[in-house]
Amino acid sequence: TEVPQKLLVVGAGVIGLELGSVWRRLGAEVTVVEYLDRILPGMDDEVAKQAQRMFAKQGFKFELGMKVTKVDTDDLGAEVTIEPAKGGDAKKIEADIVLVAIGRRPYTEGLGLEAAGVQMERGRVIIDDHFRSSVAGIYAIGDVVRGPMLAHKAEDEGVAVAEIIAGKAGHVNYDVIPGVVYTAPEIAWVGMTEEQVKASGRPYKVGTFNIAANGRAKGMNQASGMAKLIADKEHDDVLGVHIVGA
């Protein structure tokens, strides 16, 4: 109902940073606690580091490599105890509101799937390459199956399943599902990160462009950020694109 003076966000993933970014722009002091030693796990490392620097300039405080061990609440707010993930001395942070954003889980409880004989794994429906569950006639898509929990991924799977049921060849290319982090500035990507390409052993090259050289960004007085393209060294196939900027 009102802007908290001090907001503590547990989790430096997409949702934690998006909501932290909103409340920071509305005037809250935002501290983000993350178990890993980086923000936005799974994203291209170089882009995530640049985004972190930009958020820090806006006044975000980051406690990376830290875990929350206790939260005590009273009428005045919360006292959060954190300590290094690898072990060490604990410290306390005062906050008016604590926002827990440590991930999402499939919404399958109470659907009677187990009773129907559908095989599950950690709340997700196990499917084959044609979206079929272990029970004939039951298909599953979207947030209740493997892959990123994104609406446009689920939508594409829905089209593929309809085509398969109609006897056609339904297919989803999971290598080209784009992702966006709706912070300010925004972050967007599609394809592989540089770390993934490097791990694959494929020869590659990287091109980066500083947003400060973009006329429109200058005109908007929003000249921070970068665009990064990763391509196959031999054939020039685009393997990944990563952008952070307004």
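1. A search of the whole structure finds 14 salt bridges, a salt bridge being a side-chain nitrogen of Lys or Arg within 4 Å of a carboxyl oxygen of Asp or Glu. The model is a predicted one, in which local features need pLDDT of at least 70 and side-chain atom pairs count only at pLDDT 80 or more, whereas totals for chains, interfaces and linings use all residues. Residues are numbered from 1 along each chain as its sequence is written, and side-chain values use heavy atoms, with hydrogens and water left out.

2. Which residue does Asp 143 pair with in a salt bridge? The partner is Arg 104, and the closest N and O atoms of the two are 3.1 Å apart.

3. Asp 128 is partly exposed at 27% relative accessibility, and Arg 132 is partly exposed with a relative accessible area of 41%. Elsewhere, salt bridges that share partners join Asp 44, Glu 46, Glu 194 and Lys 228 into one network.

4. The side chains of Asp 45 and Arg 38 also meet in a salt bridge, at 3.5 Å from N to O. Asp 45 has a relative accessible area of 22% and is therefore partly exposed.

5. For the chain as a whole, the secondary structure comes to 5 helices and 14 strands, where helices (H or I, at least four residues) and strands (E, at least two) are DSSP runs numbered from the N terminus. The C-alpha trace spans about 60 × 50 × 35 Å along its principal axes, and 36% of the 246 residues count as buried.

6. Among the contacts in the chain with a separation of 6 or more, 48% come from residues 24 or more positions apart, contact meaning heavy atoms within 4.5 Å.

Conventions: Buried means under 20% relative accessible area, exposed over 50%, partly exposed in between (1.4 Å probe, protein chains only).
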